[in-house]
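Me: Can you walk me through this model? I'd like the sheet to begin with, then the helices and the pocket.

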Amino acid sequence: NDFNTTEANVIAAYGYALEARRLYNQTNGQKGAFVVATNASWGIDYGQATSSPIWCAFYDSLGAAGILNVGATTNNSEDVDIVGDLPTTCPSDFMIGVTGHNRFGSLSGGYGDTHIDIAAPTGSVTTTSNNSNYGSFGGTSAAAPQVAGAIALAYAGACADFMQLVRLQPEMAALEVKQA
């Protein structure tokens, strides 16, 4: 999924989410947006983190504001720790690398002990489509938004004590959600 993934375009896209969350944090929720996760169902197969240092470092900036970042790995059955993949091989604690699994639980995408954190369903996921219809969506690009949605759901159902941590230490709260 190459698209137009220059570092400048990536930073511009993520910058919007970062500024919205920073404003939310600074105004105690009066302005901005409570962004808790981003989803990248796009990237660069075989991309190397060392070739995109600004892109990869930006995940730490997002994390400092309390934003976790979900990245879909390649749909190829390859060890991304060896062959590379962006953004999943970015070495940020705030990146969650997602692969897929089929309905039988077998992996159906990239893998790696270091950079792939979780697998989610990939085969024929039903979603909304054009003209008020439903359609099928597959691959790791379908798996990753399910993980981003689970992150949002965790925040939506959080207890008052956790939300206090979110207000005072958004970075730590994000890492606790990732750990969970």
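**Sheet, helices, pocket**

Reply: Strand β5 (residues 95-101) runs parallel to β6, and four bridges join them. Strands are DSSP E runs of at least two residues and helices are H or I runs of at least four, numbered from the N terminus; two strands pair if DSSP finds at least two bridges between them. The model is predicted, so local features need pLDDT of at least 70 and side-chain atom pairs pLDDT 80 or more, while totals for chains, interfaces and linings use all residues. Residues are numbered from 1 along each chain as its sequence is written, and side-chain values use heavy atoms, without hydrogens and water.

Me: What stands opposite Val98 in β6?
Reply: Ile118 does.

Me: What is the strand order in the open sheet?
Reply: The order is β1-β3-β5-β6, four strands with parallel pairing. β1 (37-40) and β6 (118-121) each have a single partner strand, so one side of each has no neighbour in the sheet.

Me: Which helix packs on the sheet?
Reply: Helix α4 (residues 140-156), which touches β1, β3 (68-72), β5 and β6. Its direction makes about 130° with that of β5. Contact means heavy atoms within 4.5 Å; axes are lines fitted to C-alpha atoms, for helices over the stretch in contact, and angles run from 0 to 180 degrees between N-to-C directions.

Me: OK, helices. How do α1 and α2 cross?
Reply: The axes of α1 (residues 7-26) and α2 (residues 53-64) come within 9 Å and cross at roughly 10°. That makes the two roughly parallel (under 35 degrees; over 145 is roughly antiparallel, 65 to 115 roughly perpendicular, the rest oblique).

Me: And at what angle do α5 and α6 pack?
Reply: Helix α5 (residues 160-168) and helix α6 (residues 170-179) pack at about 130°, with axes 5 Å apart. They are therefore oblique to each other.

Me: Switching topic: what volume does the largest pocket have?
Reply: About 220 Å³. On a 1 Å grid over the protein atoms alone, a pocket is an open set of points where a 1.4 Å probe fits, with protein on both sides within 12 Å along at least five of seven lines; lining residues have an atom within 4 Å of a point. Points are joined across faces, edges and corners, and the volume is the space filled by probe spheres set on them.

Me: Which helix gives the largest share of its lining?
Reply: α4, with four residues. The lining residues include Ile96, Asp117, Val147 and Lys178.
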